[in-house]
Amino acid sequence: MKINIGKQNGEIIKFVAKESEIKCDNLKYLVDNNFFNRENGETFLNLKCENPVLLTGLGKPDDITIDTLKVAGLNAGKEANRLKLEKVTVCVPELKNFTRKETALAIIEGLLNSTYNYDNYKKTKCEINLKEITACEDCTGDLNNDDIEELMAKWSGIVFARNLVNTPANDLYPETLANEAMKLKELGVDVKVFGKEEIEKIGMKAYLSVARGSNREPKLIVMEYMKGEGAPISFVGKGLTYDSGGYSLKPNDGMKTMKSDMGGSAAVIGAIKAIAEAKLKVNVVGVVAACENMLDGGAYKPGDIIGSLRGLSIEVDNTDAEGRLTLADAVTYSEMNYSPKLMVELATLTGACIVAMGAHRSGVLGNDAESIEHVLKCAKLENERAWSLPYGKDYQDLNKSDIADIKNSGGRWGGASSAGEFVGAFIENTKWVHVDIAGPAFNSAPFMEQPKGGTGHMVKTLYRIAKENK
């Protein structure tokens, strides 16, 4: 997709808010006769102009948000594609709550979303006609080429993450996930992949316990992007390429979307791709402990006591609380080897977080209030939904074990917080923020501008965290 700033290049898409001044007689006729009501996302092809204009509604000015701007862009893009338009010029209005640049970037992101389809396994592919978007230089404020390049870098990371999450587990497993991460080497990322024997030598006993039940070899994926100065920021992503629940077996309906249980790793890999494409002058490390949670005669069992890289013994209360076991070793590895200034760890960790937050918002906790607020601020600036979870000793105590140093499930009540605090127990001296993305990493149906399936949630937030380099 090519995006540029300039004069008209292709058919015009004009975005129109309700209650705005109507300067075109034909538009007034369309509105007065209810052909075009300017509702959010409504489209109408106006042929009563010198050139055809695709009108797109934004809704009432007081109701317009970044989300509704993206929805308008999405619907305009879908209609442009239906009309087989290859080039369009975007004309945006002046809105009281947003700068022209903010409006243009949100609408363009919506247009980009209209071009995304995951049809890799379909015989008949979805035809995408839209190839070029021109942002009208007379109505986009101080939007510049750097803004466009940054948007496209983030979009590239989002698409990469979505495709990883959408790939079924028979084709995406630890080895192939590692192969996908290896593609980042072309962008200047140093990617290291460790197999089972190397992981054993490192001492990642909790991680290997989860992997024991699968005939797919686990892969520890470490991505180093070192283009700045000082200690790096560390991103750690849960990499369960499939989760059956192990001996604490999930019901069939609960397994159908478990290809998405590596959404945290997809966000980390996608973010590092975006960071590398944007050539940010920062130091970032990504760590993914990839494996499957399956069951056979060698699989770990409820009641087992297992070790960990940190040296803590763990009572296995539930084998379906497996992601936190792999993360315990992954965050330890990151801290021991990189001494990061900040560690952000992401996981599709708990159904409890979906119960608390709904399906479209992440839950956030950590061991440092300022770092938590920084992550939440970055998420807000990138328009990725996140909210603070309660945390602290009350939730840490839920993970106490009578026969080991810690157990891997704190029970049903406060489950999102106790799960996060389990991972935090394996951090010693690093500022750490945990983000539970169980809901928004994978959509059961389209939501706002996002498609059904993998969303690439938190790619943009991680990008901003790296860019601000706190």
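Predicted model: local features only at pLDDT ≥ 70, side-chain atom pairs only at ≥ 80, totals over all residues.

User: How do helices H2 and H3 meet, and at what angle do their axes cross?

Analyst: Two packed helices are described by the angle between their axes and the distance between the axes. Here helix H2 (residues 66–82) and helix H3 (residues 100–113) have axes that come within 6 Å and cross at roughly 45°. Axes are lines fitted to C-alpha atoms over the stretch in contact, with angles from 0 to 180 degrees between N-to-C directions. Helices (H or I, at least four residues) and strands (E, at least two) are DSSP runs numbered from the N terminus. H2 and H3 are therefore oblique to each other (under 35 degrees is roughly parallel, over 145 roughly antiparallel, 65 to 115 roughly perpendicular, the rest oblique). Their crossing is right-handed (the near helix is turned clockwise from the far one by less than a right angle; anticlockwise is left-handed).

User: Which residues of H2 and H3 make the contact?

Analyst: On H2 they are Ile66, Leu69, Lys70, Gly73, Leu74, Ala76 and Gly77; H3 brings Glu102, Thr103, Ala106, Ile107, Glu109, Gly110, Leu111 and Asn113. Contact means heavy atoms within 4.5 Å. By class, this H2–H3 contact has seven nonpolar, five polar and three charged residues (Ala, Val, Leu, Ile, Met, Phe, Trp, Tyr, Cys and Pro are nonpolar, Asp, Glu, Lys and Arg charged, the others, Gly among them, polar).

User: How far apart are the axes of H3 and H4?

Analyst: The axes of H3 and H4 are 11 Å apart, and the two helices pack at an angle of about 35°. H3 passes H4 in a right-handed crossing. Among the residues in contact are Leu105, Ile108 and Leu112 of H3, and Leu151, Met152 and Trp155 of H4. The H3–H4 contact divides into seven nonpolar, one polar and four charged residues.

User: What is the angle between H12 and H15?

Analyst: Helix H12 (residues 369–381) and helix H15 (residues 459–468) cross at roughly 120°, with axes that come within 8 Å. H12 and H15 are therefore oblique to each other, and their crossing is right-handed. H12 meets H15 through residues including His374 and Leu381, while Arg464 and Glu468 are among the partners on H15. By class, five residues of the H12–H15 contact are nonpolar, two polar and three charged.

User: Now the spaces: how much space lies in the largest pocket?

Analyst: On a 1 Å grid over the protein atoms alone, a cavity is a set of points where a 1.4 Å probe fits but cannot get out; a pocket is an open set with protein on both sides within 12 Å along at least five of seven lines; lining residues have an atom within 4 Å of a point. The largest pocket holds about 800 Å³ (points join across faces, edges and corners, and volume is the space filled by probe spheres set on them). Its lining counts 34 residues, with Lys250, Leu349, Thr350, Gly351 and Ala352 nearest the centre. H11 gives the largest share of that lining, three residues.

User: How many cavities of 30 Å³ or more are there?

Analyst: The count comes to two, and the largest cavity has a volume of about 170 Å³. Asn383, Glu384, Glu449, Gln450 and His457 are the closest to its centre among 17 lining residues. Those lining residues divide into three nonpolar, six polar and eight charged.

Conventions. Residues numbered from 1 in each chain as written. Heavy atoms only, no water.
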